Structures are given as C-alpha cells and as structure tokens.
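This report describes one protein chain. The sequence and the structure come first, followed by notes on selected parts.

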Amino acid sequence: MPEVIFPGPEGRLEGRFAPAPKPRAPVAMILHPHPMSGGTMNNRIVIELYKTFQRRGFATLRFNFRGVGKSQGVFDNGIGELSDAASALDWVQSFHAEASTTWVAGFGFGAWIGMQLLMRRPEIRGFISIAPPANMFDFTFLAPCPASGIIIQGENDEVVTPIAVQKLVDKLRTQKHITIHHDTIPKANHFFEHEMGELMGSVDKYLDMRLDPNSPIR
C-alpha cells in the first residue's frame, strides 16, 4: 500500500496506490466522504473498497482531495474536487494505458464526485455509490447516466435520506442501455457502523456478477 504523491490542479495530491499485478488489468479509483465533515482516504469504508478492488487484481488508487492530509489546496465545494479526481485518474492511466476497464467507487460526497466523473470519462464502465447524498447535492447531471452500477444505502441512514436515494434510483432506472442495482442494508446507519460485513458483502456480490465474463451487463 505505497504512499504516492502526484500532481493535481492545485498542487500535489496524496494517495495510496496498489499497482496491478498483470498488464491490461482494470483500474479502480476510490473517493472519500466530505472533507468538511472529516472525510479522508483513510475512512474505513474507503479502505475496505480499496482492499476489495486490490484483491481482485485492479490497479487501485485512493487519494485525499485538495486540502486534506498532505494534499495541497483548499476545499472547493465539489468543483475543484472533481478536477482532482480527473487528475488522479489521469495519473493511474499513465501507468495503465492499456487497462481493460475502469471503475469508480465513492462514499457520500465521494459518490457524488464519482458519478460526475462518469459523465466526463467514457472509459468508466462501472460504479459503486455508497450513500450518495441525493438530498444534499444536485444529481440532475446524470442525463443520461452513461454506465451501469450499484447504489447502496443504509436503511437507517440519518444523513442521506433513503427516500431521496430511492428517487434517484427510480429516475436512473428509466434510462435505456444501463442497469442500476440498488441495495438497502437493514439497520445500517450512514457509516454502516455495525453492518460493514453486510455492506462489503453487497459490493462483492455485485462485483462477482459484473466481472463474470458472461455478465449480461457490459
């Protein structure tokens, strides 16, 4: 899990990177929760997502948005953070230009940034969005959503209202050519404090399905 420093739009960005074991391996990038609420790349959900993709042979990166940890710059209400994410993906792709596919995963604020990145980067073919803050941020940019993915929500999320997430899922499911999975984890709060096993079980089940060579979803 080597520490890496790479150039971002406002100076250097700090990350942790697991190189891929094979050429043409897929790429995954993990995005952390809201910096103003203490979110960092060392959030435990972010770390678990990172380990999951790493175990599956992805070239995997998690990093701190601007102004967090050793990353330079100051919080920019999502605009600069989206640029940070694009720069981070560029950096990974500089090592893995032949990557077979690219995934993005995020928690909370990171899910919002990740879904915006989908709109900019057609090479992203799959996403995992955990507790996307549909009651706090505008998701209307997903018109249309260019990739299939899964949205996972805690039943007792006290930060992101499950009804707002359900509305987002329902809207995305009206679109053709993509498939949106939606899992609700019983009893889980926003941070999945006591349901981390169930959360990652949902992630693994979805990845098993999507990464199967015979998956109906491309």
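## A buried tryptophan

Trp-91 counts as buried, at 15% relative accessibility (buried means under 20% relative accessible area, exposed over 50%, partly exposed in between, with a 1.4 Å probe and protein chains only). Trp-91 has its place in helix α2, residues 79-95. Helices (H or I, at least four residues) and strands (E, at least two) are DSSP runs, numbered from the N terminus.

Apart from neighbours within four places in sequence, Trp-91 is in contact with Val-4, Phe-6, Pro-7, Phe-17 and Leu-61, where contact means heavy atoms within 4.5 Å. Leu-61 lies 30 residues from Trp-91 along the chain, and their C-alpha atoms are 9.7 Å apart.

## Basis of the model

This is a predicted model: local features need pLDDT of at least 70, side-chain atom pairs count only at pLDDT 80 or more, and totals for chains, interfaces and linings use all residues. Residues are numbered from 1 along each chain as its sequence is written, and side-chain values use heavy atoms, with hydrogens and water left out.

## The chain as a whole

The chain has 5 helices and 8 strands. From the N terminus, the order of elements is β-β-β-α-β-α-β-α-β-β-α-β-α.

Of the 218 residues of the chain, 56% count as buried. The C-alpha atoms fill a box of roughly 40 × 40 × 35 Å along the principal axes. Among contacts between residues at least 6 apart in sequence, 68% join residues at least 24 apart.
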